[in-house]
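Work through the exercises below with the sequence and the structure open. Each task is followed by a solution in steps.

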Amino acid sequence: MSELGTGRLVGRVAFVSGGLRGIGLAIAERYLAEGAQVVLSDLDAADSALPQETLARLGKSASYIAANVTSEADWDRAREHVAQRHGKLHILVNNAGTDLTGPVESLTMDAWRRIMAINVDGVFLGTRVFQPMLAASGGEFRGGSSIINISSIMGLVGYTDTSAYNASKGAVRLFTKSIAVEFATKRTPIRANSIHPGFVVTPLLHAGFQRWVEKGFAATAQDLIDTTAATTPIGRLADPAEIAGAAFFLASEDSSYMTGSEVVVDGGWTAQ
Amino acid sequence: MSKRLAGKVALITGGTSGIGAGAVRRLAAEGALVVFTGSNAAAAEALCADTGARFLTHRVQEAEAWPALIDTILTDHGRLDIAFANAGVEAGDNSVEDITIDGWNNVLGVNQTGVMLTVQHAIRAMKRNPEGPVGSIIINSSMNAHRAMGNFLAYSVTKAAVVALAKSAAVHCGNRGYQIRVNAILPGVVETAMISNLIAQAPDPAAARASYEGMAPLKRMANVEEIAGLVAYLASDEAAFISGSEYVIDGATTAGMMGV
């Protein structure tokens with residue numbers, strides 16, 4: 001992609017939750033390639049192998065903090081990390097998420113509360129804790145600061161045995177619209193949009209497909225990938241970098257009039 | 001400006017003013033060879049001089065004029081990568097109670113039939129690209145596809161219709177295995193010459209301007225460059241997994257219950 005690395009995010013500081021894997025990692029890599037400084041968060045201990053290897057590869061513009069998005073205390077520590085290292089924040093990507101499948105009558109209260117805590121509480125807490133810093137930095141660039149919440153096509157349409165995930169991603173969709181209207185109405189210089197990826201080749205997708213195989217819905221995970229590709233009009237799954245392209249657009253000045261919008265990146269899956 | 005559209009050939013209908021002219025400037029600045037159409041040759045001349053784009057007189061609603069336009073593009077430029085179905089009108093529109101059949105037919109002819117013909121002929125042209133059927137088609141709808149206006153029946157109806165058109169065409173291209181993407185953009189109020197003229201002609205221009213600016217929670221209109229930025233993104237290979245989508249770009253107007 002010829003647009004890569006043209007420095008259009010120079011001077012920006014970004015925070016990406018769930019930044020060690022999949023879509024979050026791809027977004028962090030893209031922002032770094034565009035000249036931003038990026039703070040990643042994830043569950044892994046800071047001195048464990050994956051964060052260390054990732055930081056060594058990403059270079060000095062990246063840093064990492066171990067933080068659980070369901071913990072208010074961890075978000076406070078994340079804010080301190082950003083404040084001390086950068087003193088400002090322009091881009092917040094609430095990306096951390098998990099999945100849960102199963103017939104609605106079989107879901108336990110604990111499992112339901114866990115996915116809601118990660119997928120919904122995490123987005124709320126990230127927004128709440130960083131809103132003042134994003135507002136304060138919003139005057140530095142045209143279009144202001146940008147919150148990018150990773151919802152899903154499952155935040156747009158229902159799907160069998162996916163009620164909890166559907167509910168959590170639907171909540172992200174409308175939470176995003178609400179804060180977009182709230183900030184715009186109050187002249188707070190923060191835009192907020194949701195990205196709705198379709199099926200993306202990530203560790204979460206592989207883990208989910210493996211569980212479907214164990215439940216006997218398919219012989220192999222590859223069969224599920226092939227079936228999914230066949231039911232996607234574009235005929236394939238997405239690469240995480242393609243979601244990162246949308247996250248870059250929403251972080252850049254090019255999207256200065258976009259707020260409260262749903263950016264669907266699904267190869268036509270929900271157009272059918 | 002980066003050159004992510006270098007080597008691509010683009011067609012923009014209704015390119016002589018407003019969002020279309022903004023897209024001509026943006027796509028040309030990103031390296032595309034731009035052909036744009038319309039009927040205002042005088043306005044086109046300056047734009048061509050500024051951007052190096054090429055203007056061809058053409059009316060989107062005239063089905064018989066399409067094959068010659070496409071042949072000219074393919075003969076002279078070898079390919080078609082991007083089509084921005086932008087031409088639109090509101091002349092003759094009115095409420096459902098008061099619209100004339102001529103007014104209805106005028107708006108449907110350009111905004112709906114014209115868009116269908118643009119998409120149809122763009123797909124046919126893109127199928128003739130040397131490496132096979134590849135390209136990106138972008139339809140200019142409106143936030144009024146989601147929130148209809150009482151005094152602009154045909155405009156509201158056609159802008160909703162072309163969102164379904166984009167999705168149908170996207171699914172069709174997928175089913176056929178074409179690497180041709182089709183998406184719609186849904187702008188809010190954009191400060192084009194058309195809107196500026198409506199403001200200037202209003203009994204109280206200041207009040208009219210405040211009314212337009214107040215529609216979006218962002219409390220301003222979009223400028224054409226902001227819409228052109230989205231067009232450029234969807235036109236680029238960055239958007240390779242995006243098809244059948246409808247992207248609202250309206251300063252949160254339709255995210256809430258503001259109404260239009």
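Domain bounds here come from an automatic or database domain assignment. The model is predicted: local features need pLDDT of at least 70 and side-chain atom pairs count only at pLDDT 80 or more, while totals for chains, interfaces and linings use all residues. Residues are numbered from 1 along each chain as its sequence is written, and chains are lettered from A and ligands numbered from 1 in the order in which they are written.

**Exercise 1.** Describe how chain B is divided into domains and how domain 1 of chain B touches domain 2 of chain B.

*Step 1.* Domain 1 of chain B covers 9–187 + 223–248, and domain 2 covers 190–221. Their C-alpha centres are 25 Å apart.

*Step 2.* Two residues are in contact if their C-beta atoms, placed from the backbone, lie within 7 Å. On that basis, domain 1 of chain B contributes seven residues and domain 2 of chain B five residues.

*Step 3.* On the domain 1 side, α1 (18–29) and α8 (224–235) of chain B each supply at least two residues. Helices (H or I, at least four residues) and strands (E, at least two) are DSSP runs, numbered from the N terminus.

*Step 4.* Sort that side by class: Ala, Val, Leu, Ile, Met, Phe, Trp, Tyr, Cys and Pro count as nonpolar, Asp, Glu, Lys and Arg as charged, and the others, Gly among them, as polar. The domain 1 side in chain B then has four nonpolar, three polar and no charged residues.

**Exercise 2.** Which element gives the most to the side of chain A that touches chain B?

*Step 1.* The contact joins 31 residues of chain A to 33 residues of chain B.

*Step 2.* In chain A, α5 (163–185), α8 (240–251) and β7 (262–265) each supply at least two residues to this side. With five residues, α5(A) gives the most.

*Step 3.* By class, the chain A side holds 14 nonpolar, 13 polar and four charged residues.

**Exercise 3.** What do the elements and the box of chain B look like in numbers?

*Step 1.* Chain B has eight helices and seven strands.

*Step 2.* Along the principal axes, the C-alpha atoms of chain B fill a box of roughly 55 × 35 × 35 Å.
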